Amino acid sequence: MNEPVVRADDIVKHFGTIKALDGVSISFEPGIIYGLLGPNGAGKTTLIRVLTTLLKPDSGRAVVAGVDVIKDPVTARNHLGLAGQFAAVDEYLTGRENVEMVGRLYNLPATEARSRAAEVLERIDLGDAADRQVRTYSGGMRRRLDLAASMVGRPDVLFLDEPTTGIDPRSRVHIWELITDLVAGGTTILLTTQYLDEADQLAARVGVIDHGKVIAEGTPEQLKDQLGGSVVELTVSEDLRVRTMEVLTAVHGDAPTFEPASRKITLAAPQGPTSLTLAVRRLDEAAITPDDIALRKPTLDDVFLAYTGHAAEETPAAENGRRRRRAGRAR
Ligand SMILES: Nc1ncnc2c1ncn2[C@@H]1O[C@H](COP(=O)(O)OP(=O)(O)O)[C@@H](O)[C@H]1O
Ligand SMILES: [Mg+2]
C-alpha cells in the first residue's frame with residue numbers, strides 16, 4: 001500500500017461522561033474514497049472534527065497529508081477541505097459570493113479566489129445558479145454549494161460529513177456523480193454515511209463505526225460477503241415467534257435474529273433463493289404461515305446486527321437483553 005494519506009491512531013475523545021471516540025484507528029491510501037459507516041451518535045462527526053483540526057482529542061495521533069493535525073493544525077488546514085453535516089453557507093449571499101469568501105479564508109488573492117470559485121461552481125453544476133442568493137436554493141443545491149466551497153482551496157483530502165443525508169434521491173445521485181468525478185481527478189475523500197448502499201456505491205474501503213469504535217473494516221464486498229450475501233426476512237404473529245425461530249435455526253444451523261421494534265425475524269441466507277426455499281419448506285412442515293417473507297440484500301442494520309449483536313437504532317435495554325442472549329450462545 002502507498003504511504004497512508006490519512007492516519008488516525010487510537011483517538012479518544014470524551015464529552016463529559018460520554019465517550020464519543022473510544023480508541024479509533026483508521027488509515028487509508030491516497031486517491032480513494034474511504035467510507036465511514038455508522039448510525040447516529042456513532043462518533044463520525046467527532047472523528048471528522050478531530051481530523052480537520054476543529055477539535056483536540058484527549059489522546060491519540062492523527063496525520064493528514066503528512067501533517068500532524070494535532071501538533072500543527074495551521075499547516076494541516078492547507079491540505080484539507082471540509083463539507084460539514086449541515087451546510088455552512090450565508091443565506092443572503094449568492095452562491096458565488098459564498099465560495100469566493102471561503103477562497104479568501106484560504107488566503108487566496110482576490111483574483112484567484114474569483115477564478116477558482118467560478119471553476120468549482122461550474123464543476124459542481126451550479127454555474128447557472130451562482131448569482132442567486134443561497135436562500136433560493138434547494139437542499140441538494142446547498143449541499144453542492146458546500147461541496148464547492150470545500151474544494152476551493154485545492155485540498156489533498158476532502159472530508160464530507162454525511163453529504164447526502166436528508167436530500168432527495170435525485171440530488172443524491174447527482175452528488176454521488178460529483179464525488180466520483182472528484183476522485184477520478186485525483187482528490188482523496190473521506191465521507192461519512194449512515195447508508196450501506198452509499199458506502200457500497202462509492203467507497204473503495206469502509207470502516208464501520210459504532211459507539212466510538214471501529215468494529216469492522218474492509219471493502220464493501222468483504223463486509224457483505226461476511227453476511228453471507230442475502231438475508232431472509234419475515235414476520236409472524238407473536239404467539240408463533242419462538243417456535244419460528246427454532247424452526248429457522250434448523251435451516252443452516254445459524255440462529256435468526258429478532259428485532260423487537262420492527263417485529264422482523266432475520267436469517268442469514270448464504271444460498272440466496274435456495275435458502276429462502278428451504279426456510280419456506282421448514283416453516284410449512286411446522287405448519288407456520290408467516291405474515292410475510294422475503295429475500296433481500298443486507299443493509300446497514302444487518303451489518304450492525306452481525307458485528308455488534310444490536311441493531312443500529314435501539315434502546316439500551318433491548319440491546320442489553322440481546323447481548324445477554326448472545327453471550328449464552330456459541331457463535
Ligand atoms: N459537543 C458535544 N458535546 C457533548 N456531546 C457530544 C458533542 N458532540 C458529540 N457528542 C456526543 O458524542 C457522540 C458521538 O457524536 P457524533 O460524533 O456527532 O456522532 P455521529 O456524527 O456519528 O452521529 C454522541 O453521543 C453525541 O451525543
Ligand atoms: Mg454526525
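A: Eight of the eight residues of H1 are buried, so this helix is largely enclosed by the rest of the structure; a residue counts as buried if 20 or more other C-beta atoms lie within 10 Å of its own, as exposed if 12 or fewer do, and as partly exposed in between, with C-beta atoms placed from the backbone. The buried residues are Lys44, Thr45, Thr46, Leu47, Ile48, Arg49, Val50 and Leu51. Helices (H or I, at least four residues) and strands (E, at least two) are DSSP runs, numbered from the N terminus. Just after H1, Thr53 takes a positive phi of about 75°.

This is a predicted model, in which local features need pLDDT of at least 70 and side-chain atom pairs count only at pLDDT 80 or more, whereas totals for chains, interfaces and linings use all residues. Residues are numbered from 1 along each chain as its sequence is written, while chains are lettered from A and ligands numbered from 1 in the order in which they are written.

H1 also takes part in the shell around ligand 1, to which it gives the largest share, three residues. Strand S2 (18-28) and helix H1 (44-51) each supply at least two residues of that shell. Ligand 1 is surrounded by Phe15, Ile18, Ala20, Gly38, Asn40, Gly41, Ala42, Gly43, Lys44, Thr45 and Thr46, where a residue is near a molecule or strand if its C-beta atom, placed from the backbone, lies within 6 Å of it. The shell divides into four nonpolar, six polar and one charged residues; Ala, Val, Leu, Ile, Met, Phe, Trp, Tyr, Cys and Pro count as nonpolar, Asp, Glu, Lys and Arg as charged, and the others, Gly among them, as polar.

Of the 331 residues of the protein chain, 41% count as buried. Among contacts between residues at least 6 apart in sequence, 67% join residues at least 24 apart, two residues being in contact if their C-beta atoms, placed from the backbone, lie within 7 Å.

Elsewhere in the chain, helix H3 packs against two other helices. The axes of H3 (residues 95-105) and H4 (residues 110-123) come within 9 Å and cross at roughly 125°, axes being lines fitted to C-alpha atoms, for helices over the stretch in contact, with angles running from 0 to 180 degrees between N-to-C directions. That makes H3 oblique to H4; angles under 35 degrees count as roughly parallel, over 145 as roughly antiparallel, 65 to 115 as roughly perpendicular and the rest as oblique. Residues of H3 including Val99 and Glu100 meet residues of H4, among them Ala117 and Val120, and by class this contact of H3 with H4 has five nonpolar, two polar and five charged residues.

With helix H5 (residues 139-151), H3 packs at an angle of about 30°, the axes lying 8 Å apart, and H3 is therefore roughly parallel to H5. Here Gly95, Asn98, Val99 and Val102 in H3 meet Leu145, Ala148 and Ala149 in H5, a contact that by class has five nonpolar, two polar and no charged residues.
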